[in-house]
Amino acid sequence: MTKPIVWRGAALAIAVRFAFAAMGVQEHLGRRVEIVTPLTSLMRLAEGQWFKQHGLSPYAGSAYHGSPLLLSLLGPLTSRGTGGQLLAKFHSSFFVFLVADLLGAFLLQKMGKLVESAHQFYQAELQLDPETSKSAVKEPRGKIRLGIRKGCKGKEVHAKVGLGDLAALSYLLNPFTIAVCVGGTTSPVENLLVIVALYGALKGNAPLAAFGWAMSTHLSLYPAILLLPISFLMVSGSDRPQLKVLERACLRNASDVASTDRRSEVDELRSKAFLPLQWRRYGHFWFFSVLWWLAIIFLSAAALGGHENLVEMISETYGFILRVDDLSPNLGLFWYFFTEVFTHFREFFVMVFHANILFVLVPLTIRFHHRPLFLAYTMVAVATMLKSYPSDGDAALSLGLLALCTPVLSDFRFSFLVLNGYLVVAILSPSMYNLWIWRGTGNANFYFAMTLVYACVQSILIVESVGAVIRHDRSLWKSFEVRVKEESVVKAHDD
Amino acid sequence: MADERSTKPGSKRLWITIATILPFILGIPLWLKSTQVYRAALPFKEIDDFQTWASGNSLKLPCRLNIIIASSDELLTKPQFASVASLLAPHLQSLRPRDSPDEDESCQNGFDIQVTYDSKKVCLRSKEGLDSLYWPCGLLDYGFLRAAHLSDDILDNLFWNYAYTRTAKTNESEAGGLYTIILLHKSQFENAESFNTDADDATGTNGQSNQHKAESGSRTVVGKYRHAWIIGDLDFSSFETEVVPRVSEVARTFLGGSRSASGRSKPRNLPLSADGEAILSFSLLNAEPEDWTFDWDFEDLKRKFFQPVVDALKGVARLSLESQVLYYTPKAVKSQWDAAHNAHVVPVKQLPFFVNSNEWHLDSSTAATGRSKLLHLAVYVPGAKEYPLHFLHKNGKLSLTDGFTSPGWGGVVVYNPKNVSLLDGDIHSSAHRITAKDFESVAGVIVAQLRTLFGLPPVLQDDPQRGFFILSSARTGFAEWELDLLLRRRAVSDMAAAASTLTSLSSLVRNLPSMVIKDEIGEQVKSSLVAADAARDHAARGSYLHTAEAACEASSLAEEAFFHPSIMSVLYNPTEHHLAIYTPFFVPVLLHAVLAVIKEVSRYRREWRRFKQKRE
């Protein structure tokens, strides 16, 4: 069953990308610090390829800082870029990125479907009817509100615009995704691999999940933290309400039964309601992770021409990310701070800045282990905000994942503020950069103010979405508490 | 009911807050490790020892005095000689340099003296066994000495030749501080009246050298090398009254330099950078290029006039030369026409304002960056409106040199081009070249200025009334005994500087416990101490060049350690700054985390109590 809205959206997305590429926008976008980072720059990749062709280490001259596998994949495309007049305007790896975006959107759509079905399953399990729990559960309404209503003619068509389509379209048509794809960065590939990992985990496909996780970690290091949500996805499946809510639901269902065999009844219901914990699958995931990692290491060594070059690779890719060697301005918070900090404290603050990402992991996991997909979103978003070389591509990924969580985000506030925040940053940060670097009438603070705004917008988004999910969970719990109380009162009255 | 709860309180919130605070606690060791102040071990004890040594005594080089009594006749008997020797020793041992009351410039333990009686038949020594003071007897048999018409200059070279060839003392670096005073009996020089007067004295400093003969009949000459000789009546009876004062005066000259012409006190420090280098920057200033412009072939002038000076001073200072020609460089003071002298004059008291720092771009040298010392030597060519330009002394006389120096900065000399009338014809032709011949007098003034800058009198002053003459080196401008003097001064000041710099460094390091001390600094301090020790060793052995070198190394290393960039940056990082460094991040984050933990723990305890109440 094809959904015209999705196809139309995808066609629009492709057309827009081609239009921008044909206009030669890549020349401009490829120089924007918001889009291109030292890690994802295609120009640096071409430099690395040039070194490689001349028998040198691709990391010579500190130009290229990406994976040797990516270099093997994209390098040949960059070296013979000059074709016809029109073709010259397309950077030759444009098609790779286009395919990566489309594939990512496709997987997001699939994930959306899975999430939606899981959601409906738990919805049924809780036996929520809109009349009794108006205030508490708003998912159906939320979906309608966020759905694209205008393009649809009737109610039936509208019902077909599912979560998957929404996520896919919001990823494909996101200006950030388009800019990153057209601008010539390797971010689309990295984003695709993260999506692959999450899709594999959601689907329960251990080799695929392990591949996505190992490859994305190899390419950009930060997806390593996704091990936690992937593990929960592998073991206990998709997002679901809290355990105690489900228990309460079982209790309510079992309340008709005599209280003596209540316990066994509950267990029975539970086993019906929840998927069993899939430890075996998880074991497979680990096995394949090790396998993929070994493959990556051997392939990298082969691409670099020797195991002895692996140390250099690690130092130039992961080391480069962790040491924050490149202090040229970007959207992140590192560069400004580390140009100012006393050298004596540099090491310490590098650790502190990286630890910022790490130390929210455990609390978030404790809180959201029952919603691994949302946990994955928060981790990606936190990494987007606090990584050393962030770009718009990371934001594109985190927004795409956020779209998957819309059923539980019905209580989201400040969406106007956040949207405008993104707009302000998108418009003002290039002009501030221009004022500082090219006009010389501003200074570094002008641009850094924009990156601060960007960080603020993102933190508002994260905090608010976390808050919305917590509120959602709590309202579920409350509604049951009220209902159970009511029922017990009714029962007492009957007795 | 309100105080009780039926279920166990949930611990999720508690665990979340604890999980937030835990990384901070786990991070403490990392924090301590990464911000640990690395301090290379500095040898504090050695520095203190060095300082206590330096505060008590200064680096003194030994001086040795060889007094030769040369006579062809039997002048002295053996006991007489012994008494003469014992007479000289106490007089000389306690000598102090004339101008400096403090002991800085004196020698180690005064003079080491040996008196030798060198006559045709006997060769007596007051002390046996001192190799360095060995004097080969038989001077009077040396053929040239008997030749007539000996000028002072030739005689000087003769003595040097004699001592140099006979003693086979080839090691030049060991020769420092070994002075020889030769006492000659007048009777050898019957024809003393016919001493040649045209000494080839290019700088003209010794122009009137031998015009007047000593009234007293005796004559003292201090040579260019480390020799002096006294020609007089060597009579045993008059020895104490006649000879001993003269000998001690010569010795004093060797020790502290000749009497300064103007009586001005010497500058304490040589105008050198810490590592003993200086750049002599020669500038030819064409004040008014509209009238005439002058150019020079500096390489030629350098080879002729300045390279010998630089070579001579090699042990004392590493000098490098550079030159430039500047145009449109008017002086800053107005000159007046003085009809009496038929010249434009600038009164001497206005000279402090002569240098026009706005227009004279003397510091354009690239080598002038860093710690190297720059000495400006400016040759000022006045324009037609102020030609000829002279300086006017207070007493109404024109200055002979038309130059002045400024200590530590350099010197200025006015060059009035000769035969301007010839130039007038081709005013607008290409630049006129200053030939070496024209430049000769200016070069003499410049060398004299250099001597002043190095703390020596500009010219060596003779005292014909008392029959006291000092030869100056025509080529280099610095006599060897003067170089010894400079070396002594430099060694003393370098050692003192090294000691004070190291002491400052050690007290700085001890006062700032948060300061990072790199290994490099530790190494520099250690090498500096080693060099200082070496300097003391060399000084004890009397090796002037090595001592000065080692002392210079000590002070320059100490200086480098003190001004190490890593220290400079940490100087501005006091403990108060740590607060400023940590608060922006840790107060907002940590405060909330800690508050949350406290809140959650108290909440959990409260809830737990309620639960327990219910159970009971």
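**View 1. B:H344 and its bridge partner in the sheet of chain B.** In this predicted model, B:H344 has B:L389 of β13(B) as its bridge partner. The strand β11 (residues 343-347) of chain B runs parallel to β13(B), and four bridges join the two. Strands here are DSSP runs of E with at least two residues, helices are runs of H or I with at least four, and numbering goes from the N terminus. Two strands pair if DSSP finds at least two bridges between them. The open sheet has three strands in the order β10-β11-β13 (chain B), with mixed pairing. Its edge strands, β10 (336-338) and β13 (389-392) of chain B, each pair on one side only. On average, neighbouring strands of this sheet are turned by 50 degrees against each other, direction ignored; the axes are lines fitted to C-alpha atoms (for helices, over the stretch in contact), and angles between N-to-C directions run from 0 to 180 degrees.

**View 2. Strand β1 of chain B, covered on both sides.** In β1 (residues 62-71) of chain B, 10 of 10 residues are buried; buried means under 20% relative accessible area, exposed over 50%, and partly exposed in between, with a 1.4 Å probe and protein chains only. In a regular strand the side chains alternate between the two faces of the sheet. Here B:P62, B:R64, B:N66, B:I68 and B:A70 point one way, and B:C63, B:L65, B:I67, B:I69 and B:S71 point the other way. Seven bridges tie β1(B) to the parallel strand β4 (residues 178-185) of chain B. One to look for pairs B:R64 with B:L178 in β4(B).

**View 3. Helix α11 of chain B.** This helix covers residues 544-562, which makes 19 residues. From first C-alpha to last it reaches 27 Å, close to the 27 Å expected at 1.5 Å a residue; the expected span is 1.5 Å times one less than the number of residues. Its buried residues include B:Y544, B:T547, B:C552, B:L557 and B:A561.

**View 4. B:A479, tucked into a loop of chain B.** B:A479 sits in the loop between β17 (468-470) and α9 (480-511) of chain B, and counts as buried at 1% relative accessibility. Leaving aside neighbours within four places in sequence, B:A479 is in contact (heavy atoms within 4.5 Å) with B:G223, B:K224 and B:S473. B:G223 is 256 residues away along the chain, yet the C-alpha atoms of B:A479 and B:G223 are separated by 7.8 Å.

**View 5. A:H354 in helix α19 of chain A.** A:H354 belongs to helix α19 (residues 343-358) of chain A. Its relative accessible area is 11%, so A:H354 is buried. Not counting residues up to four places away in sequence, A:H354 touches A:Y222, A:I321, A:L322, A:V324, A:F334 and A:S388.

View 6. The unreviewed UniProt entry lists several stretches of chain A as "transmembrane region", including residues 192-214 and 220-238; positions use the numbering here, feature names are shortened, and annotations may be inferred rather than shown by experiment. Residues 192-214 of chain A are 91% helix and 0% strand, with end C-alpha atoms 13 Å apart. For residues 220-238 of chain A, the figures are 58% helix, 0% strand and 25 Å.

**Notes for all views.** Residues are numbered from 1 along each chain as its sequence is written, with chains lettered from A and ligands numbered from 1 in the order written. Local features need pLDDT of at least 70 and side-chain atom pairs pLDDT 80 or more, while totals for chains, interfaces and linings use all residues, and side-chain values use heavy atoms, leaving out hydrogens and water.
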